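Subject: Structure for your files, with notes

Dear colleague,

Please find the structure below. My notes come after it, and you can read them with the model open beside you.

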Amino acid sequence: MKPKTSCPSCLILLTFALFSTIFAVTLLARRYAHDDTRKTTVAERRRLLRLTDPKSVTSKDLSEVAWRQVAPSQQISCNLDGTSCLDPIGIVGEWVHVPDRTFAAPVCCDLRTELRKSPDVCGTEEGNRKFYSGFPSYPQQTDGNGCRCEEMNFTDDYEWRSPHLPQTFNPVDTCRLLGDRTALFVGDSTMSQTASTLMNSLLPGHCQTQVSFALSDTLVGKPFGVFNRGKAWKDWVNEVMPDITVVTVGAHVSSEDALYLGLVDEVLSGMIEMQSRHPRMKFAWKTQQPGGCTNEILSPKDAAAAARTIEYTRDKFNWDKFYHRDLLLLERLNRAKIPYLDMRMLYSRSDAHVSVFPGGPVRGDCIHWCSPGPLDVIGRLFHQLLNEEL
C-alpha cells in the first residue's frame with residue numbers, strides 16, 4: 001500500500017481557482033442584470049419613473065438608469081427643475097426635395113360633407129370627431145382643414161429621409177407586423193390628423209380597420225387652460241381594450257411646465273399600472289405636432305434649429321413651448337423605458353400648415369397640416385415602432 005501524500009500547494013491553487021470562478025460569474029451576472037437590452041419589470045419602471053421627481057433622486061438611482069436607445073452621454077438630459085434640456089443628437093435625418101414625390105396616403109377626404117370629394121373617392125359614410133376607426137373600403141375622413149390646401153394648389157415636394165427609417169413605406173409589411181392586434185391613438189385634433197393619415201396609409205395592406213382614434217384633449221379629463229374635450233385616456237382604453245395605445249398631449253395645456261410634467265407623470269404611472277394588470281397591452285407616446293407658419297421650409301437638415309428660428313405668434317395653444325416640452329417628455333420616456341413616435345422632424349415644416357397661404361380659405365390655424373403632406377411620414381414611423389419596440 002502506497003502511503004498517503006498531502007499537497008498543501010494544490011489545495012491552495014484549487015481554492016484560489018474556485019473563488020476566481022465565483023468572482024467571474026458574479027461579475028457576469030451583474031453585467032447581465034444591467035444590460036439595457038433586457039426588458040424591465042413593472043417595479044423597475046416605477047422606480048425609473050420616480051426619477052422624474054427631483055425630491056426622490058439619489059446618486060445611486062442616477063448611476064443605475066438604463067437608457068433605451070443610445071449611450072448615456074448622447075441621451076437627452078434636463079436639469080432637475082425642467083427649465084433647460086440638452087439634446088446632443090437631435091432627430092437624425094433631413095427633408096429632401098423630391099419633385100413629384102408619391103404619398104402613402106395620397107387622398108384627403110374632408111370630414112365635412114360639403115367639402116368632401118365624390119362618393120367614388122371618399123365613400124358616403126359619415127365620420128365622427130370623438131371616436132372612429134379606418135373605413136373598410138375608402139379613405140378615412142380627416143379634420144383640421146387639411147384638405148383645404150388643395151384649393152390653394154399646395155404640393156409637398158419634400159420627403160423625410162433618415163437612416164433610422166425605411167426609405168419607402170410598405171403597408172403590407174406593416175400590416176403583417178401588426179398582425180391581429182388593434183391600435184388606439186388617443187389625443188387632440190392633431191392626433192386625429194395623424195391617426196387618419198396612418199389609417200389611409202394602411203388601406204392597401206387591409207389592416208386600417210384595426211386602427212382607431214379617440215378624442216382626449218388633455219388625456220386626464222381635466223382642464224389646463226384651453227379645451228378639455230373627450231374622455232380621459234384610461235376610460236377610452238378600458239372601453240376599447242386595444243393591444244397598443246399611443247397617446248399625445250400638449251396643445252391644450254397652457255399652464256406652466258411643472259403642471260405639464262405632472263400630467264405626463266400621471267399618465268406614465270397609469271400606463272405602468274395598467275400594463276401590470278393587462279400584460280398583453282403595449283403603450284407608446286407621440287411627440288407634439290409643432291405650430292407656426294412660414295412661407296418656406298426651415299432648416300431641412302436640423303429640426304431643432306427650425307424650432308429655434310421660427311417667430312411664434314402669441315397663441316393660446318402655446319406653440320413656443322412645444323419643442324422644450326418634447327425634450328422634457330422624451331427624457332421621461334427614456335427613463336421609464338416607454339417607446340415613442342418621434343415626430344420632431346415636423347418642426348422644419350412650418351411651410352405646410354393650413355394657414356400658410358395669404359388670403360386662403362383658412363386663417364389663424366398654424367398647427368393643423370395640409371394633406372397629403374408631411375404627416376405622411378407616420379406610416380414609416382409606425383412600422384419602425386412595431387418592428388423595434390412592440
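Overall

Please keep in mind that this is a predicted model. The average pLDDT of the protein is 84, and 80% of the residues score at least 70. Two stretches should be read with that in mind. Over residues 27–40 pLDDT stays under 50, and the model has nine contacts there beyond four places in sequence. Residues 45–73 also stay under 50 in pLDDT, with 58 contacts beyond four places in sequence.

The protein has 11 helices and 12 strands. It has 390 residues, and 52% of them count as buried. Taking contacts between residues at least 6 apart in sequence, 76% join residues at least 24 apart. The accessible surface is about 18,900 Å², with 55% of it belonging to carbon and sulfur atoms.

Helix packing

For α7 (residues 233–240) and α8 (residues 257–277), the axes come within 11 Å and cross at roughly 25 degrees. Angles under 35 degrees count as roughly parallel, and α7 and α8 are therefore roughly parallel to each other. Their crossing is right-handed. On the α7 side the contact is made by W233, K234, V237 and N238, and on the α8 side by V267, G270, M271, E273 and M274.

Helix α8 also packs against α10, at an angle of about 35 degrees and with the axes 11 Å apart. The crossing of α8 and α10 is right-handed. Here D257, Y260, L261, V264, D265 and L268 of α8 meet H324, R325, L328, L329, R332 and L333 of α10.

D173, T174, L177 and L178 of α5 make the contact with F382, H383, L386 and N387 of α11. Helix α11 is mostly covered, with eight of its 11 residues buried. Those eight are I378, G379, R380, L381, F382, H383, L385 and L386.

The loop between β12 (340–341) and α11 holds R349. Is R349 buried or exposed? Its relative accessible area is 0%, so R349 is buried. Not counting residues up to four places away in sequence, R349 touches W95, D156, Y158, I297, W369 and P374. The C-alpha atoms of R349 and S299 are separated by 8.9 Å, although the two residues are 50 apart along the chain.

P372 lies in the loop between β12 and α11 as well. The peptide bond that leads from S371 to P372 is cis, with omega near 0 degrees.

The loop between α9 and α10

I310 is in the loop between α9 and α10. Its relative accessibility is 9%, so I310 counts as buried. Leaving aside neighbours within four places in sequence, I310 is in contact with G291, G292, C293, T294, L298 and S350. I310 and D320 are 10 residues apart in sequence, and their C-alpha atoms are 9.0 Å apart in space.

N318 lies in the loop between α9 (303–309) and α10 (322–336). N318 is not a glycine, yet has a positive phi of about 45 degrees. With a relative accessibility of 6%, N318 counts as buried.

H206 counts as exposed, at 65% relative accessibility, whereas N318 counts as buried. Most residues other than glycine have a negative phi, and most peptide bonds are trans. That is why the backbone at these places is listed here.

Regards

Technical notes. Residues numbered from 1 in each chain as written. Predicted model: local features only at pLDDT ≥ 70, side-chain atom pairs only at ≥ 80, totals over all residues. Heavy atoms only, no water. Helix = DSSP H or I, 4+ residues; strand = E, 2+ residues; numbered from the N terminus. Buried < 20%, exposed > 50% of the residue type's maximum accessible area, 1.4 Å probe, protein only. Contact = heavy atoms within 4.5 Å. Areas by Shrake-Rupley, 256 points an atom, 1.4 Å probe, with all protein chains shown as cover. pLDDT = per-residue confidence, 0-100. Axes fitted to C-alpha atoms, helices over the stretch in contact; angles between N-to-C directions. Parallel < 35°, antiparallel > 145°, perpendicular 65-115°, else oblique. Left-handed = near helix turned anticlockwise from the far one by under 90°.
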